[in-house]
Amino acid sequence: MLAYIISVCLYLHILSAFVLTGFGQDDHFNEDILTSVIIVIITLVGVIKGLSPLEFLEKWALYLTFIVIAILCVALANFDYEIWQQNSSFTMPIWGEQSNWQILTILAGTLIVVQGFETSRYLGHVYDAKLRITTSRWSQIISTLVYVGFVALALPVVHTLSGEYNDHSLIDLIGTVSLLLVTPLILAATLSQFSAAVADTLAASGNMVEMSKGKIKEANGYLIVGAGAFLLTWTVNTFEVLALASRSFAFYYLIQCIVAITVSKSWLLKLGLAGLSLVLAFITLFAVPVG
């Protein structure tokens with residue numbers, strides 16, 4: 001539950017950074033204010049009406065995000081091709097002076113980037129098991145292709161940031177490719193982060209309902225998530241939330257791995273889960289924020 005609260009705070013922090021950058025008003029205080037307002041809105045909707053109305057918006061936000069991502073990938077691919085045609089080589093970002101240990105701990109702090117595809121796991125009262133398994137599997141496959149493909153296409157442009165990274169570096173990066181793509185990027189980022197925040201609010205509430213065996217109602221779950229995310233918003237910055245969320249989910253997944261080891265009958269699977277448990281334990285203990 002705590003891990004989900006942290007991730008909701010993270011997603012809405014990122015949403016605020018993108019929106020405020022579009023208006024030239026991005027600073028920590030404004031981010032905290034806008035994040036808090038959105039948290040209150042989601043919480044009130046959840047407590048009063050449930051999150052079904054926002055789930056509808058979430059679905060269309062996902063469709064639009066896919067379209068914008070496809071456009072961005074095509075634009076990056078074309079930009080990379082033109083650079084290669086002109087120079088026959090790419091200017092890759094320069095590695096900093098971090099040690100291998102520092103690189104590993106920073107990388108560990110980004111686990112949250114590939115988290116969130118188990119949300120349907122906690123919606124058993126709405127969807128059947130087959131559909132929930134299918135959605136979890138395909139969301140991971142599609143997101144992996146998107147993450148790896150986008151990072152690969154964007155890598156030759158990263159050097160334009162000169163090693164300076166912040167909440168809205170992606171906007172600067174895409175602006176280098178085409179200023180016409182900045183507005184669609186901000187829109188897609190806003191919708192996708194809102195969608196992710198709603199999804200994790202649903203998952204957190206579902207988790208609480210399941211763990212309490214129905215003693216905690218969904219509405220109360222939304223209230224707990226909102227209150228926790230609101231408090232966290234005014235406590236840490238985005239990169240700190242990112243690392244904290246990564247460590248929280250790593251610990252959560254570590255527990256799941258241990259449970260899986262105890263119930264699995266395959267020694268090969270047990271061995272694989274044990275290896276994964278070690279990785280997750282490392283992330284739990286040593287993940288740090290960027291910068």
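The axes of helix 7 (residues 182-211) and helix 8 come within 8 Å and cross at roughly 120°. This is a predicted model. Angles from 65 to 115 degrees count as roughly perpendicular and those over 145 as roughly antiparallel; helix 7 and helix 8 are therefore oblique to each other. Their crossing is right-handed.

On the helix 7 side, the contact uses T201, L202, A204, S205, M208 and V209. Helix 8 answers with E218, G221, Y222, I224 and V225. By class, this contact has 7 nonpolar, 3 polar and 1 charged residues.

**Helix 1 with helix 2**

Helix 1 spans 2-22 and helix 2 spans 28-49. Their axes come within 9 Å and cross at roughly 125°. Helix 1 and helix 2 are therefore oblique to each other. The crossing is right-handed. Helix 1 brings C9, L12, H13, L15, S16, A17, V19 and L20 to the contact. Helix 2 brings N30, E31, D32, L34, T35, I38, I39 and I42. The classes here are 10 nonpolar, 4 polar and 2 charged residues.

**Helix 1 with helix 7**

Helix 1 also packs on helix 7, at an angle of about 165° with the axes 8 Å apart. An angle over 145 degrees counts as roughly antiparallel, so helix 1 and helix 7 are roughly antiparallel to each other. This crossing is left-handed. From helix 1 come Y4, S7, V8, Y11, L12, I14, L15, F18, V19 and G22. From helix 7 come L185, I186, A189, T190, Q193, F194, A196, A197, D200, T201, A203 and A204. The residues of this contact divide into 16 nonpolar, 5 polar and 1 charged.

| Helix pair | Axis distance | Axis angle |
|---|---|---|
| Helix 7 and helix 8 | within 8 Å | roughly 120° |
| Helix 1 and helix 2 | within 9 Å | roughly 125° |
| Helix 1 and helix 7 | 8 Å | about 165° |

**The cavity**

A search of the whole structure finds 1 cavity of 30 Å³ or more. The volume of the largest cavity is about 50 Å³. Its lining consists of V8, L12, I39, I42, T43, T201, Y222, V225, G226 and A229.

Which helices supply at least two residues each of that lining? They are helix 1, helix 2 and helix 8 (218-233). Helix 8 gives the most, with 4 residues. By class, the lining has 7 nonpolar, 3 polar and no charged residues.

L12 lines the cavity; in helix 1, L12 takes part in the contact with helix 2 and in the contact with helix 7. T201 is another lining residue. In helix 7, T201 belongs to the contact with helix 8 and to the contact with helix 1.

Technical notes
Residues numbered from 1 in each chain as written. Predicted model: local features only at pLDDT ≥ 70, side-chain atom pairs only at ≥ 80, totals over all residues. Heavy atoms only, no water. 1 Å grid on protein atoms, 1.4 Å probe; cavity = no way out; pocket = protein on both sides within 12 Å on 5 of 7 lines; lining within 4 Å. Points joined across faces, edges and corners; volume = space filled by probe spheres on them. Nonpolar A, V, L, I, M, F, W, Y, C, P; charged D, E, K, R; others polar. Axes fitted to C-alpha atoms, helices over the stretch in contact; angles between N-to-C directions. Parallel < 35°, antiparallel > 145°, perpendicular 65-115°, else oblique. Left-handed = near helix turned anticlockwise from the far one by under 90°. Contact = heavy atoms within 4.5 Å.
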